[in-house]
Amino acid sequence: MSADLELVDLAAEIAREAGELARRRRDEGVHLAATKSSLADIVTDADREVEELIRTRLREARPGDGFLGEESDADPGVTGITWVVDPIDGTVNYAYGIPAYCVSIAAVRGSADPQDWDALAAAVFAPAVGELFTASRGGGAWLGERRLSVTTETPAGALLATGFGYDPSTHDGDLATVRRVMTMARDLRRAGSAALDLSYVAAGRLDGYFERGLKPWDFAAGALIVEEAGGAVTRLDVESARPMIVAGGIDVHARLLELLEDS
Ligand code: IPD
């Protein structure tokens, strides 16, 4: 088995176990542990417990690898491989009982800076609906046993998705961006989990996706899944405080870039 396939198998196994833990905790009742940057940016006890489980499993399986997670301290490791982890992406959905949340795990080679890394393997597991999206570099993108492809034609306009940062001071700018892209859209979704938005682009459930201000763990796995499904992913304004991620099938991605560059 190739090294990347071993990584994706490990990511998938741990994402399933972690997702089932998140789902169990959700069934038992969610306890909000803290508010991070703003009212909407919450963390639940489950976020922390699930990240700890993932970190422990990775340490057992691959002791020298690095770790970059949403809820705990980063560790650069010694092997050149870093695991980039969002224990629950879609935390607000999770807290409200909306099923659109997932565990997102990626293995990358290089530093923990998305501009410098090569993503090798990815798993996104949505436990409330039992869907597992995976990808390995050169090995395609998959939903369970089904190979994924992005959409290529959007005669009625593109079905797009986006998200909004938790900081209310950014909302006006993000809404202006939405106004720009609506010229090419048939409709717009805001589902509340970047990792699932990206996985849905890969699955052809969305034609394109854009969002400013994502953190590396929000998109590390999903971006590889889109690329391995034949799509393209670009980060704009990487030097700014809120880079924008743009993803889609090749045509939709290109049209989004035309509308969004310099926005
Ligand atoms: C959030 C989700 C959301 C996106 C936010 C992210 P979290 O991640 O991906 O869709 O709009 O920007 O922070 O906080 O649920 O892990």
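In which loop is the place of Thr 154? Thr 154 sits in the loop between β9 (146-147) and β10 (158-162). Helices (H or I, at least four residues) and strands (E, at least two) are DSSP runs, numbered from the N terminus.

A word on the source. This is a predicted model, in which local features need pLDDT of at least 70 and side-chain atom pairs count only at pLDDT 80 or more, while totals for chains, interfaces and linings use all residues. Residues are numbered from 1 along each chain as its sequence is written, and side-chain values use heavy atoms, with hydrogens and water left out.

Back to Thr 154. Its relative accessible area is 15%, so Thr 154 is buried (buried means under 20%, exposed over 50%, partly exposed in between, with a 1.4 Å probe and protein chains only). The side chain of Thr 154 makes a polar contact with the side chain of Arg 255, at 2.9 Å. A polar contact here is a pair of N or O atoms within 3.5 Å; within protein, one must be able to donate a hydrogen and the other to accept it, and residues adjacent in sequence count only if both atoms are side-chain atoms. Setting aside neighbours within four places in sequence, Thr 154 is in contact (heavy atoms within 4.5 Å) with Asp 207, Val 252 and Arg 255.

Next, helices α4 (residues 171-181) and α7 (residues 250-260). Their axes come within 9 Å and cross at roughly 125°. Axes are lines fitted to C-alpha atoms, for helices over the stretch in contact, and angles run from 0 to 180 degrees between N-to-C directions. α4 and α7 are therefore oblique to each other: under 35 degrees counts as roughly parallel, over 145 as roughly antiparallel, 65 to 115 as roughly perpendicular, and the rest as oblique. From α4, Thr 177, Arg 180 and Val 181 meet Leu 256, Leu 259 and Leu 260 of α7. By class, that contact has 4 nonpolar, 1 polar and 1 charged residues. For the classes, Ala, Val, Leu, Ile, Met, Phe, Trp, Tyr, Cys and Pro count as nonpolar, Asp, Glu, Lys and Arg as charged, and the others, Gly among them, as polar.

Also in helix α4 is Ala 176, which is partly exposed at 36% relative accessible area. The C-alpha atoms of Ala 176 and Ser 263 are separated by 8.6 Å, with the two residues 87 apart along the chain.

How far apart are the axes of α5 and α6? Helix α5 (residues 194-202) and helix α6 (residues 216-228) have axes 8 Å apart and pack at about 0°, so α5 and α6 are roughly parallel. Their contact has 9 nonpolar, 2 polar and 1 charged residues.

Helix α1 (residues 3-28) packs with helix α2 (residues 45-61) at about 155°, axes 10 Å apart. That makes α1 roughly antiparallel to α2. Residues of α1 in this contact include Leu 10, Ile 14 and Glu 17, and those of α2 include Leu 53, Ile 54 and Arg 57. The residues of the contact divide into 11 nonpolar, no polar and 4 charged.

Last, Asp 237, in the loop between β13 (232-236) and β14 (244-248). Asp 237 has a positive phi of about 55° although it is not a glycine. At 39% relative accessibility, Asp 237 counts as partly exposed.
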